[in-house]
Amino acid sequence: GILLTFTSDGSNTNPGFVADYVAAIRPPPRTCPGSGATLTAPSGSISDGPGDYDDVMRCSWVIAPTGASSVTLVFRSFSLETDGDFVRVYTCRNPLCDTTTGVPVAAYTGNSIPADLVVWSPVILVTFTTDVSVTSSGFDADYYSDLALPYRGISTPPAPGPGTTPSPSPPGSSPAPWPSPLPSTPAPTTCPGSGSILTAPIG
């Protein structure tokens with residue numbers, strides 16, 4: 001918006017002014033197909049939708065295949081405004097995940113198709129955000145859980161471990177370090193007699 005002010009001093013007057021204003025109303029941006037959904041099938045697809053995407057888009061998908069241990073993200077097409085529009089990937093502990101609770105693992109921009117991304121987590125969050133100017137054709141991606149393999153000739157996802165790194169991403173995309181499995185919480189140790197009701201005079 002704008003602020004228009006009119007001030008006058010303590011002497012001399014004139015007829016003043018009359019002004020018109022016209023507001024340009026930007027239509028609300030379209031939403032991506034399935035944005036806001038939790039995808040639980042062993043495999044599926046996400047996309048910004050047909051044609052060029054809009055300015056100021058905010059899309060997200062939680063991918064949580066039932067019973068999965070890992071999720072592989074495979075981009076089929078990718079063309080975004082470099083350093084203005086992004087696809088980001090986060091690992092999550094449960095489907096109630098957002099950008100404040102997820103752990104960032106990858107951010108992609110530009111117009112080169114990123115390398116396949118294997119995330120060792122049963123749940124991931126994918127977001128797509130655009131700025132206020134310059135649009136492009138967007139992206140299409142498929143996801144595969146380890147339950148949906150084989151795909152493209154790969155029977156099992158590569159095992160993570162020390163020194164393991166993803167295959168290099170082509171120019172125009174920003175890879176993240178290879179995601180490690182989320183640490184498991186060990187079962188608590190039970191104290192002797194824990195939970196018992198002690199009724200003896202001495203014990």
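**Exercise 1.** In what order do the four strands of the open sheet lie, and which pairing do they have?

*Solution.* Before we start: this is a predicted model, where local features need pLDDT of at least 70, side-chain atom pairs count only at pLDDT 80 or more, and totals for chains, interfaces and linings use all residues. Residues are numbered from 1 along each chain as its sequence is written, and side-chain values use heavy atoms, leaving out hydrogens and water.

Step 1: recall that strands are DSSP runs of E, at least two residues long, numbered from the N terminus. Two of them pair if DSSP finds at least two bridges between them.

Step 2: read off the order, β2-β9-β4-β7, with antiparallel pairing.

Step 3: find the edges, β2 (43–47) and β7 (117–119), each pairing on one side only.

**Exercise 2.** How many bridges join β2 to β9?

*Solution.* Step 1: locate β9 at residues 138–145. Step 2: count five bridges between these antiparallel strands. Step 3: look at I46, which stands opposite A141 in β9.

**Exercise 3.** Which residues have the most contacts inside the largest nonpolar core?

*Solution.* Step 1: a nonpolar core is a set of buried (under 20% relative accessible area, 1.4 Å probe, protein chains only) Ala, Val, Leu, Ile, Met, Phe, Trp, Tyr and Cys residues joined through side-chain atoms within 4.5 Å.

Step 2: the largest core has 26 residues, and W61, V89, V126, F128 and F139 have the most contacts inside it.

Step 3: β4 gives the largest share of this core, four residues.

Step 4: a second, separate core of seven residues includes A64, Y90, C97 and L125.

Notes. Buried means under 20% relative accessible area, exposed over 50%, partly exposed in between (1.4 Å probe, protein chains only).
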